[in-house]
Structures are given as C-alpha cells and as structure tokens.
Amino acid sequence: FGFSPLKQDQLLGVPSWAGNWLGPKGLNYEGYDIDAKVDESLARKLSEYSNGHQFWAGSCSYRHEMMLKLRSVLADKFKLKVRQEEREVPVYALVSTGHGPKFLHTTFALPPPPCQAKMRCLQDYTSMARLANVLSGYLDRPVIDQTGLKSGYYLRLEWPRNPSVAGTYIAPAFASTAFMFTALQQQLGLELKPTQGVVHFLVIDHIERPSQN
C-alpha cells in the first residue's frame, strides 16, 4: 500500500488459505485471477511506461494512484480490513563509517559498467531510506536509515553470487550476510549495526474468500 517493501514477518494475521507469495513452495495456498479495468486517462499513463521496474521502485507518477485502486479492489472483493502497528524489534541501523560515504551526490545516472562474473550488482540513483528498504529484503532483519543523509545519491554495489541458491524464489542473492556487510563498508563507506528499532507492521483484522463475481 506504499512504496516500501514489506517483509513476510511484517505481515500479521494471514489465514492459512490465503498464504503468502513469499512463503515456502508446495503448500496449498489458494490463488485468484482478478480482471480489473481502469479509466482511459490512467490507461494512457500506463502505456507511457514500458519499464516495469519504474513502477515497482515507486519512481513513476501513477504508482500511488494504482496502489490506492488495488486497495479498493481488495477491500471490495476480499472484505479486507487492515491496520498498521508499530513494534520495537531487532533491526540493522544503516550508518556511515568513520571515514564517511564513498559515493557520488549527483542528479543524473552514470553509464553502468558491466557486472563481473559471479557477482551481483546494484546500481541506481536513490536515497538512503530507499537503500535501507532494499537491504531489508535481503537480510534477516529490517534495516532502518540512520545515516543522516537526506539527498539523492548515485550508488553502485557489488557482492558475490551464491551458486547454491541461484534461481530459487525466496533465497537471498548472496551467500551470507557477511558478504553484504563487507561490500557496504568497502564500496560505499556504510555500516550495518545490530540494534533495536521501531518497525511498521501490517495487521489483517478481517479477510474473506472472494465470490466469483
């Protein structure tokens, strides 16, 4: 319902029939196909964007409008009622090292150099808050931004692939968190410090199986 990804353990109250697309494969979760239409003016906006990554990264103008419409569909068809909750849980704090950050403050994207063999690359113009959200999807606990850096920055980060998990659906894209900790320090001048922090949770108070119409 917003621009931040939600880790599986931050979604509470999911019934067994609904399951979770992030959960283990092989379980008998129920799936539904939903046909939805939008008005012509919004359809024209959709046709202007061919890069799906822009939509999911929250960097296109119509994404918030589409999320509101999706929330309306879920409330109508599934009788979905949710609320947000804040809890203090173990997190990683993203902070600058004593030597300061090692990336560019720029408003334009630089041409990406090729990613080395057996490596994964993250290269984008983004904010520290957005980087913390991205890292939360890879690590074993949420990441909160405590760098104090508020502007946009051009970042490039490389870390080793893990052949043993390559191609799996839910496994992290690196062999262990140690690789990410080292890469952040050496390449970006950032650190991840284990601590306690306040994290948002989405709680499902009510949900029903949808009707066919």
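Is Glu158 buried or exposed in this structure? Glu158 is buried, with a relative accessible area of 10%, where buried stands for under 20% relative accessible area, exposed for over 50% and partly exposed for what lies in between, computed with a 1.4 Å probe on protein chains only. The structure is a predicted model, in which local features need pLDDT of at least 70 and side-chain atom pairs count only at pLDDT 80 or more, while totals for chains, interfaces and linings use all residues. Residues are numbered from 1 along each chain as its sequence is written, and side-chain values use heavy atoms, with hydrogens and water left out.

**Around Glu158**

- Glu158 belongs to strand 5, which covers residues 152-160; strands (E, at least two residues) and helices (H or I, at least four) are DSSP runs numbered from the N terminus.
- The side chain of Glu158 makes a polar contact with the side chain of Arg156 at 2.9 Å; such a contact is a pair of N or O atoms within 3.5 Å, and within protein one must be able to donate a hydrogen and the other to accept it, while residues adjacent in sequence count only if both atoms are side-chain atoms.
- Not counting residues up to four places away in sequence, Glu158 touches Pro114, Cys115, Gln116, Met119, Arg120, Cys121, Ala183 and Gln187, contact being heavy atoms within 4.5 Å.

- Four strands form an open sheet in the order 1-6-2-4, and the pairing is mixed; two strands pair if DSSP finds at least two bridges between them.
- Strand 1 (11-12) and strand 4 (143-145) stand at the edges, each with a single partner strand, so one side of each has no neighbour in the sheet.
- Strand 2 and strand 4 run parallel and are joined by three bridges, and Leu94 has Asp145 in strand 4 as a bridge partner.
- Helix 4 packs on this sheet, where it touches strand 2, strand 4 and strand 6, and its direction makes about 175° with that of strand 4; axes are lines fitted to C-alpha atoms, for helices over the stretch in contact, and angles run from 0 to 180 degrees between N-to-C directions.
- Strand 2 and strand 6 pair in the antiparallel sense over 16 bridges, with Arg87 opposite Val199 in strand 6.
- Strand 1 and strand 6 run parallel and share two bridges, and the partner of Leu11 in strand 6 is Leu202.

- In helix 4 (residues 128-136), the buried residues are Met128, Leu131, Ala132, Leu135 and Ser136.
- Seen down the helix axis, these buried residues fall within an arc of 145°, so they line one face of helix 4; the arc is that of the directions from the helix axis to the C-beta atoms.
- The largest nonpolar core has 20 residues, of which Leu94, Phe103, Met128, Leu135, Val143 and Leu192 touch the most other members; a nonpolar core is a set of buried Ala, Val, Leu, Ile, Met, Phe, Trp, Tyr and Cys residues joined through side-chain atoms within 4.5 Å.
- Leaving aside neighbours within four places in sequence, Leu135 is in contact with Leu94, Val143, Met180, Leu184 and Leu192.

- Leu12, in strand 1, and Leu202 are 190 residues apart in sequence and 6.2 Å apart in space, C-alpha to C-alpha.
- Gln212, in the segment after strand 6, counts as exposed at 89% relative accessibility.
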